[in-house]
Amino acid sequence: MIKNYIKIAWRNITKNKMYSVINIGGLAVGLAVAMLIGLWVWDELSFNKSFVNYDKLGQVQMYQTFNGERGPQLAIPLPLKKELEKYPDFEEISLASWNSEHIIANGDAKFFRNGMYVEPAFTKMMSLEMTQGIQNGLDDVHVIMLSESLAKSLFREENPIHKTIKIDNKDDLSVTGVYKDFPKNSGFSDVGHLLSWKYYEARSSWVKNSMTEWNDNSWQCYVQMAQTSNPEKVHSKIRDIVLNNVNNDRKLANPEVFIHPMSDWHLYSGVENGKMSGGRIQYVWLFGFIGLFVLILACINFMNLSTAQSEKRAKEVGIRKAVGSVRSQLINQFMSESMLTVFISFLLSLLLVFALKPWFSDLAGKTLNLPYLNVNFWIISIAFLGMTGLLAGSYPALFLSSFNTIQTLKGKLALGRFAALPRKIMVVTQFTVSVTLIIGTIIILRQIQYAKNRPLGYDTNNLIYVHMNTPELRSANFETVKSELMQTGVVENVSKSSSPVTDDWSNNSDFQWQGKDLNSHPLFNTVSINHEFASTVGMEFIQGRDFSKSFASDSAGLIINETAARVMGFEDPIGQYVTRGGFEKLQIIGVVKDMITGSPYENQRPSLYFIDKYWYSLYTIKLKASESPSVAIAKLVEAFKKLNPGSPFTYSFADMEYSKKFSSEERIGKLAGFFAILAIFISCLGIFGLASFIAEQRTKEIGVRKVLGASVSHLWQLLTKDFLQLVMISCLIAIPIAYYYLSGWLDAYQYHTEMSWWIFVASSLGAMGITLFTVSFQAIKASLMNPVNSLKSE
């Protein structure tokens, strides 16, 4: 019986070739989209799950209130770790530095790689998978553990254990272990080596002196909870540790210690009402629903075309019932057709996924792979196919098997005036989803462009950064560096600073000024710059002047931005004094326009710029506009070989660094646009099939109308108006849905665009235009048909 079902199903598929192509093509695209989104969602949901202690790991963070806003802060004071050790709720605790770049060298093999200073417990907590050496290899001072890829780059096939490497052209460290690279979908994916925390203390007096300093939040701390610990009880125990130890000024920030579990790092990093809430999980849900809806759109095509052909299948149903077939057998027959169609679509979708995977991986910013060799993948795929087949085939099977035997055999099939209603509802559903996605894509792209058009307050053109990542560069005389670079003939200006102009690396709240509200606790971005910085990056002064070597007093000068002037409440800031750290008095000499250094979607923070003798991290170099970047970089490479011999030259362009701030939203916009195009494509496939069937069904009516004098335009209008009405209804439903959800999405950004009325009108007109174009082919084709051919059988 099953063989017979499959044979008849195959005959029906090959008999109605056009409808079969539409069904199989639409379902293949829907299944391919569902699989691609499934791979993306799985990668998001499995983030960090490669760690054995995933459920018990967490990062110590603090909620603090600055500038009237409460939010989380990753950086903590070092003494907090010793206080946490007093509680049995923690099985392991490890301090850690921020991930930073180092020069790692073995002879002539030199590489810049990111790494972290960590305590010995870190390697056990993160369950490092060792390929060579020991897991607890960071107990000593001058030791290092390498990732497998870095070890191969440095030592090729040689055993690196107990071999010596040089770090930052300075110290020799012994390799104690080689671990497998952290997975790409983990928070430590770019950590290429681990350094001993003891070495950090020996190398930096700042770290050593901060072990008892509660007012310096500059480090990270990871914990592994004990098996019996209760997160809520732990929070109540540790929440006020920092509050009880900081000075009175810091107490105004109301620091509250909490443990952010690893399971929430990636997906729940948003902030709502001052607490961790939401984040990437919203996009996981969004694209999960989009994948489901795109698949449903393809299933709707199958349902619509199957039920639309009911008159053609009516006599077949009548004959089968007359010779003894029961309804369950008919349902099985129609379901077998559905399953066979879905199976063929699935095979085609695998080819589509294979072809689109590299492009989609690049678009999503991930490395996605189909697990062909994983048994679970095929089990899930089979279950997925079964559900898709049931979803697509259940309604047509129940509908077609319900026909009355006598009426179908007499050719008097009466479906009723509402027979087409389910098909119309499904078409409306298809275009509602499609129009909503179109509106969403336009809003996302407008939001990105709105932020890109925001005045920067500086000029990123021809601006590059060179980090002071070696002792030679950190200790070099600035005038010597500047002279060497200017002699290349490609440099317009050179400066140095503690942070790049496109980012915030440091902030502080320990400032006092006359008239300050003692209950306020604003947080300032703090940047150490030299005399050339403002002219190099193109800072725009609205009051006062730049730092000048002509004024010795400028060593105690201060430049502030517009927001800082408002926060301090100065009507005329020039000449006012600001005290830093309770003892250092700085005089405001200039006010500059706000510069976007953080997120371009957020309000600008107050920023302070001052001159410091030691606190510098990078050179900022302005290239001449007349020189091509490739020629300029080649000359800079030669110059830095003299300044920093034996080290690779690394740099970054300021405009490229700034553009990275839009990468997440741009990726979301591209994905939404991609899915919107596919949704429209699938919907139009269904419309095309329905239009073809209706034109075929009304062939004789069209012939009669042409004989009676109907024009082509009149017949075109007759065949297209029903579809246009359905699309108009879809637009009326989609517009409020899109407005509701997108207004909430925009409200999450402090700096955002408005939803103009033309977006909704343009999206609706676009959907109707696409529908007209799709339907018109069949409508005009039917209108131009010779009426003699359609009426000769009458």
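A residue is called buried when its relative accessible area is under 20%, exposed when over 50%, and partly exposed in between, with a 1.4 Å probe and protein chains only. By that definition E532 is buried, with a relative accessible area of 9%, and buried residues make up 52% of the 794 residues in the chain. The model is predicted, so that local features need pLDDT of at least 70 and side-chain atom pairs count only at pLDDT 80 or more, while totals for chains, interfaces and linings use all residues. Residues are numbered from 1 along each chain as its sequence is written, and side-chain values use heavy atoms, with hydrogens and water left out.

**Overall architecture**

- The chain has 27 helices and 26 strands, where helices (H or I, at least four residues) and strands (E, at least two) are DSSP runs numbered from the N terminus.
- Of the chain's contacts with a separation of 6 or more, 78% come from residues 24 or more positions apart, a contact being heavy atoms within 4.5 Å.

**Packing of α18 and α21**

- Helix α18 (residues 478–486) and helix α21 (residues 629–643) have axes that come within 9 Å and cross at roughly 150°, the axes being lines fitted to C-alpha atoms over the stretch in contact, with angles running from 0 to 180 degrees between N-to-C directions.
- V481, E484 and L485 of α18 make the contact with L636, A639, F640, K642 and L643 of α21.
- The residues of this contact comprise six nonpolar, no polar and two charged, with Ala, Val, Leu, Ile, Met, Phe, Trp, Tyr, Cys and Pro counted as nonpolar, Asp, Glu, Lys and Arg as charged, and the others, Gly among them, as polar.

**Salt bridges**

- The structure holds 26 salt bridges, each defined by a side-chain nitrogen of Lys or Arg within 4 Å of a carboxyl oxygen of Asp or Glu.
- K237 and D89 meet through their side chains in a salt bridge (3.1 Å, N to O), linking distant parts of the chain, with K237 in helix α8 (residues 231–238) and D89 in the loop between α3 (80–84) and β3 (90–96), 148 residues apart.
- K237 is partly exposed at 40% relative accessibility, whereas D89 is buried at 10%.
- K549 and E532 also form a salt bridge (3.1 Å, N to O); K549 lies in the loop between β20 (541–544) and β21 (557–561) and E532 in the loop between β19 (524–528) and α19 (533–537), so the pair ties together parts 17 residues apart in sequence.
- K549 is exposed at 52% relative accessibility.
- R70, R239, D240 and E256 are linked in a network of salt bridges.
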